Amino acid sequence: MINFAVIDLGSNSIRLKISQVNPDGTFKVTHQLKEMVRLSENMGNAKILQPEPIKRTLKALENFKAVYAKLPNLHLEAIATAAVRQAKNQAEFLKLVKERIGVEFQVISGDKEAYLDFLGVSQTLKIGKQCLIMDTGGASTELIYVKDQQIQDLISLPFGSVTVSQEFNLGDKISTENLFRAMTSVEQKLTDIDWILAAHKSNIVALGGSNRTLAKIARRKESDNDELPSLHGFELSGSQAVDIFAKLVSLDRQQREGIPGLAKVRADVIVGGLIPICLLLRVLHIPKILFSNCGLRDGALFNYLSANSYPLVDVRK
């Protein structure tokens, strides 16, 4: 038995997931930790990681190390995505992490991030014959068009919840002008994708903090008790998602903080984070969103199992 640990350093949050893997390929998740470090905060056009977000990230990594360092037979993979990928001071940051924490991060490409998302989703959900997988992070958005369980096309776009919200001032009360400019900018980038119309009327499989927040808000609206349906496999119609987005746009930051299912730390970036999926709902006439609680971290595990000749156990829901 090994303890497979993966650290996922994103633009908004950093996460640790640990799974006990048995020789027969079965596994059990033992730890899931998350801290909102917002590493991409105030990177701006210069794409420079700033001192305060770096400090928060190092503190989170120290907390994570206190958990995984005690485990026997540890296999640790540390993956950095859009914020570090785009940073001009990437080398200095990675050197600092290695010196302070002893962890060497692998900075993966956008295409690799999208591929790991695909593995995490396709191995844990029954996604049907055709779908568009969408992962909206803090500083990037990955799109993977899947047909008959195979990747047809994929792309990583350099915008996400934090970058869109900061660039167009969507953090508090939202003006019509700023919303229009943000939606126009994102729509131009989405419709520039040559193959995007091939996903017309396909379902979207959504992951990433902003997209999952849609599901969390919808679950709270549908259920008046503490027994909420599982987020993994939760379904929402396109029209329901648009209604939630419209409501969020009408509120200021403090009012959004009071929405059940919306974490307060996301209140200033949720509108920017939901613009990409809401535009795809409109452009592609998407009938339904299927939400996944599995993505990159799970994809890293399945990639490891495959590379080390473990039998793959069907855990799809």
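The model is predicted: local features need pLDDT of at least 70, side-chain atom pairs count only at pLDDT 80 or more, and totals for chains, interfaces and linings use all residues. Residues are numbered from 1 along each chain as its sequence is written, and side-chain values use heavy atoms, without hydrogens or water.

Select the six strands of the open, mixed sheet, ordered 8-7-6-9-11-10. Strands are DSSP runs of E, at least two residues; helices are runs of H or I, at least four; both are numbered from the N terminus. Strands pair if DSSP finds at least two bridges between them. Go to the edges: strand 8 (150–157) and strand 10 (235–237) each have a single partner, so one side of each lacks a neighbour in the sheet. Strand 7 and strand 8 pair antiparallel over seven bridges. Lys-147 faces Gln-150 of strand 8 there.

**The core.** Now show the largest nonpolar core, 49 residues. Such a core joins buried Ala, Val, Leu, Ile, Met, Phe, Trp, Tyr and Cys through side-chain atoms within 4.5 Å; buried means under 20% relative accessible area (1.4 Å probe, protein chains only). Helix 10 gives the most, with 10 residues. Centre on Ile-275. Its contacts (heavy atoms within 4.5 Å) include Val-164, Leu-179 and Phe-245.

**The cysteines.** Pick Cys-278: buried, at 6% relative accessible area. Then Cys-294: also buried, at 12%. The sulfur of Cys-294 is 14 Å from the closest cysteine sulfur, in Cys-131, too far for a bond. A disulfide needs two cysteine sulfur atoms within 2.5 Å; the whole structure has zero.

Definitions and conventions. Buried means under 20% relative accessible area, exposed over 50%, partly exposed in between (1.4 Å probe, protein chains only). Lists of a residue's contacts leave out its neighbours within four places in sequence.
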